[in-house]
Amino acid sequence: MSSIHVTTQVNGDAVEFLCDTRETLLDVLRDRLDLTGAKEGCGTGDCGACSVTVNGRLVCSCLMLGVEAEGKAIETVEGIAKGEDLHPLQRKFIEHAALQCGICTPGILIAARNLLERNPDPTETEVRYWLAGNLCRCTGYDKIVRAVMDAAEEMREAS
Amino acid sequence: MNKMDSAVPGEQNVSYRQIGKPRTRIDSPGKVFGKTPYAGDYVMPNMLHAKVLRSKLPSARMTRLDVSKARDLPGVACVLTYKDLKIGTVATDIPAQTGFRRRDTDQQILVDEIVRYQGEPIALVAAESVEIAEHALSLIEVELEPVPGVYDVFEAQKPDAPKVFGDDNIVASYKVRKGDVEAGFAAAETIVENTFRTQYIEHAFLEPEVGLGWEDEQGVINIRTSTQAVETFRYIADAIGIPHSKVRIRGALVGGGFGGKCDVTVELYIALLTLKTGRPVRLGYTREDSFYGHGKRHPFIISHKTGFAKDGRITASKIDITSESGPYAFMSPYVLMYATEAGPGPYLVDNVHIDSRSVATNNMYTSAFRGFGATQACIAYEQQMDEAAKVLGMDPIELRRINLLKTGDAIATGFEVQSAVWTEECMDRAWAALGEKPKDEGAIRYGHGIAAYQQGYGRMIWLHDTAEGWVGVEMDGTVVVRSGMTDIGAGQTSSLAQIAGELLGVDMMDITVYNSDSSTTPLAGTSSATRGLYMSGNAVRNAATAVRNRLAARAAQHFGVADSDIDFADSRVFVASDREKSLPFKELIATCASEGIHRSELAIFRAPFGDWIDPETGQGQVHPDYTYGAHAVQVAVDTETGEVTILKSVGAHDVGQCVNIAAVEGQIEGGVAQGHGYALSEELIYKDGCLVTPSLSEYLCPTSMDSPRIECIILESRSGLGPFGAKGIGEPGHTPAASAVANAVADAIGARVHDFPLTPEKIARAVSATRDNG
Amino acid sequence: MDVYHRPETLQDALALLNGTALTVAAGCTDLFPATPAQELAGQVLDITAIAALRGIDEGADGWRLGAATTWSDILRASLPPAFDMLKQAAREVGSVQIQNAGTIAGNICNASPAADGVPPLLALDAAVELASSTGTRRLALCDFLTGVRQTALRPGEMVTAIEVPRASGAGCSRFLKLGARKYLVISIASVAVRVVAPAGRVEGAALAVGACSPVPLRLTALEQRLCGRAPDDLPDAVDDAAIAGALSPISDIRADAAYRAAAAAELLRRALGDIADGAAG
């Protein structure tokens, strides 16, 4: 077992940490950086609750090692709002009641934001496809899909 | 999406300021920031990490257990086996807030000799890190000698079957005898017989079980955990051998429950390890632990024999029900009771004969799951109705219409339902919302399916259910609510804020709800059994009403009007007949405070109390009241591959009164998706007691790609027993969804698959059987 | 995990592999879930930092897909229609999260009978480039995969690239899979079909079936029968009995053998029909 020094960027801030080589990025975020927004729903990449972006790529942080974050830019749910100002996706999730228990919400928000950065005008099918790696057991997805579509529309109008 | 229907005639004047509105829930903002702490997010200094060693075999005798190497591993603080336990057993009954006599259904905490299911805990480890705890597990030496087990409910009832529970493997049995079923069959023109089977399924809440325990300065074992039931503190205290007053369960916001977080799981192990080590202990299940570590939905085998008169009226209903309990009782007797009570469905049947039993096996134990047996009953009675319509050559909607219960009719147990029974209206609205069925094209065939239902809400009346709630007004006019009710994501706390806010004229966002703490919030019982809003909402309504009445009396004195002329809104108190006369709410509060007028109230709500139904006839009252509704589904079935696509899904329910319409829709939509998975893809497969699907890549919950748009049609009869006439909707949204899918598939392919789930393979085989037959 | 290596050059990676028992990690999307307690044991060699192993190059002889090329890289690459089936498979190997991390070499080295990436690569006549500190060798993909979760990798060797010959870049292609859920699901059956029919007659066809045999298979006899036919006639050439005879599906929790074989035949007919309809994209 050995600890490795990792220099990275998390939600725009330069961050350094020491981590054990076997720790996942999710472990590092939760246990070392106190960013508990990302959740471990399965540890096998099947539920998406731990979704974050790494250099703009959406990944399951439970399937990535913390040491792989060296030199990368990580974005988590905690970085979506600018201070108290909610991102349009966050506002629309509240408006559409697109969340219940809320465990899947951080991962879904990260995934949805990643989609809208690539495709500002997705079809409903494209939204459903993109979010299919994020299981939700409470909502039936309908309100989530609607909230994402609505946020996309608002963001298009604002840009 | 939703369509609203207004109230019953005579109550058109009811208008609420907050109730029934699609208000933002008070818990939503924290959740979208990712900042809401869940039970798994808490840590403490000097905290230990726990792990559970489980049996790999489902039926075995433990011949050796040596934990000495694990104990010697540096970093291991504690290893517990059955030898270290003071008591050894824990109750598996409903966590009672009322003190009714517990059934004798205790379960061993750790295996002392006999293993009865795969995953049964053998030892507990607490260590300085998760890695050390895992390493310690691998150092525990266990020898298990396989013992012949029984894995089939019919095998288990044979005289020579291995005994898993009692001397006959029967965990519970009931009967219903109403009218004369043989005379009913004699009078029938047509008799239809079918047997339907449902499978083991998993709650698959996204947050696996987790908790953190510590001992405080008074020697109280505190456990912050993800639970639907803080009342389990009593069972935990009994199991670890300390007074009830020395265990405190503090719930966090729960990451999904669906019935799967009612029973005691991690919190007991945490309590034992905390008590032993004196240090904080965290235990978080992995997903795999969760698959092995909590009770599942009961598989049922339900046979219907139904007699129909020429006009389609049901003349007799004979039903045989078998559920699988696994090796321990847990909720099995109650779940069986629900299924028995719901046996013939929301139909008026004068001649009913039901035999039911729950059978022990060495498969995984089963317990509460949204619908609690009424869901499985619905899967049988609604498929039976469609099969009967086919045999009778009748339209399935019309066959139901002829037989549906109406307000005031007696259900199978003879109880006459006093609230509105709007099933027919719900059925018609849901069915109409499907629109035209598309024309078949190539291998793709389209089908429409309907399912009506009856689901009790609240506890069985012989459990004498009560809930307490506290409401108080602060000096600045903000309001505090205290309720032991847990919030499992359905908006329980938010609804309580809305209720108190409505009555006190304070916006719900100015209300703080303390909840889910067994020591400091008045106990309100579990968030299960569709009783959360009904029970805790009524308790909070009672408390808020008492406070309101005292404040109104003082305001009436101030304005020189009658108490009844005082109203509260927008944080002001005013004279209803002359709104110019008003005061800021906080000024009234200041006056009351200076005069010693009590600004808070602890109230209790008692559900109807009653006795057990007659054990010989099954006649009597089981539930306080029932929710009724219907679900309609349009599917496309690929007849070559057997794949099903759900195109439309419409739930129509009489919810009595919406408190928060967005939350009501959320319950329906989420319940529907869970029902779709139940019908089509979800199955825990046990092979000789061993789980072969212990991951979310093998256990297939619906994804956003599998789920259709879901339409909610919400009717409000204002006739329920909940606050403002609400009925429960937590379970009912789910109850008919799977049955409707099954009926739609059968409609599409012209054949019935009697065994859930309706996998592509089973459907393709059913299609090819119809081809072979002609 | 005792030691974690993440070299940036192939030479360093091969030097590490020489003489040490290492688990090669290339995205971890299969590796982590297969590992108890989500913890990798022993020494791990992560090849995803080796820039030379990532990306797709087109040369005179054909295409070279670096071992650490992710499914998302494949989806974004500019490739001829013959690769459409590989892109369609890439969209099905898992969620977007998995496509972003999972790699082509990881998929073939995991050697699952149901690996979605393998049938399209078989239908592209792919070869596997294997390197060790002593040299490099090539194996046809069908020879590389030797059984359920078994490959021809030798100690000290790793996959460095997948190569597709120029000739196999011809034609139109289609991938279809069947599972018990719409998406994110382990295949009950999957098919990859590539048809070369420049003048309204089939000059060549490549058909591969996954999840119906220990290793995904090419259906060479059927390929022969398709030659010379008009594209519209292709679906009719798929004979259920012959397909079932060529495959050796297992019965397991996901489906029984007969259903798998029948489903494979139906998927082949549909894939061929889609190609005839020009709807393969």
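This is a predicted model: local features need pLDDT of at least 70, side-chain atom pairs count only at pLDDT 80 or more; totals for chains, interfaces and linings use all residues.

Residues are numbered from 1 along each chain as its sequence is written, and chains are lettered from A and ligands numbered from 1 in the order in which they are written.

Let's start with A against B. How many residues does the contact take from each chain? Chain A puts in 40 and chain B 41, where contact means that the C-beta atoms of two residues, placed from the backbone, lie within 7 Å. On the chain A side, α2 (88–95), α3 (105–118), α4 (124–130) and α5 (142–158) each supply at least two residues. When I say helix or strand, I mean DSSP runs numbered from the N terminus: H or I and at least four residues for helices, E and at least two for strands. That side of chain A divides into 22 nonpolar, 11 polar and 7 charged residues. Nonpolar here is Ala, Val, Leu, Ile, Met, Phe, Trp, Tyr, Cys and Pro, charged is Asp, Glu, Lys and Arg, and the others, Gly among them, are polar.

Now C against A: 19 residues of chain C are in contact with 21 residues of chain A. Helix α4 of chain C, residues 96–101, gives the most to the chain C side, with 5 residues. By class, that side has 11 nonpolar, 5 polar and 3 charged residues.

On to chain B itself, which has 18 helices and 31 strands. Its radius of gyration is 27 Å, close to the 28 Å from the globule rule for 774 residues, so chain B is as compact as a globular protein of that length. For the record, that radius is taken over C-alpha atoms, and the rule is 2.2 Å times the number of residues to the power 0.38. The C-alpha trace spans about 85 × 75 × 50 Å along its principal axes. Of the 774 residues, 63% count as buried. Buried means 20 or more other C-beta atoms within 10 Å of the residue's own, exposed means 12 or fewer, partly exposed is in between, and the C-beta atoms are placed from the backbone. Also, if you take contacts in chain B between residues at least 6 apart in sequence, 80% join residues at least 24 apart.

One sheet to look at in chain B: 3 strands in the order β7-β3-β9, open, with antiparallel pairing. β7 (114–115) and β9 (141–146) stand at the edges with a single partner strand each, so one side of each has no neighbour in the sheet. Pairing needs at least two DSSP bridges between the strands. Strand β3 (residues 60–66) and β9(B) are joined by 6 bridges, and B:A60 stands opposite B:P146.

Back to helix α2 of chain A. Which of its residues are buried? A:L89, A:Q90, A:K92 and A:F93. Just after α2(A), A:A97 takes a positive phi of about 50°.

For contrast, A:T125 sits in helix α4 of chain A. Is A:T125 buried or exposed? Exposed, with 11 other C-beta atoms within 10 Å.

Last stop, chain C, which is divided into domain 1 (54–167) and domain 2 (171–277), with bounds from an automatic or database domain assignment. Their centres, over C-alpha atoms, are 20 Å apart, and each domain gives 25 residues to the contact. On the domain 1 side, α6(C) gives the most, with 5 residues.

And strand β12 of chain C, residues 189–196: 7 of its 8 residues are buried, so the rest of the structure largely encloses it. It pairs antiparallel with β11 (residues 172–178) over 7 bridges, and 7 bridges also join it to β13 (residues 204–210), again antiparallel. C:F175 has C:A192 as its bridge partner, and C:V191 stands opposite C:V209.

That's my tour, thanks.
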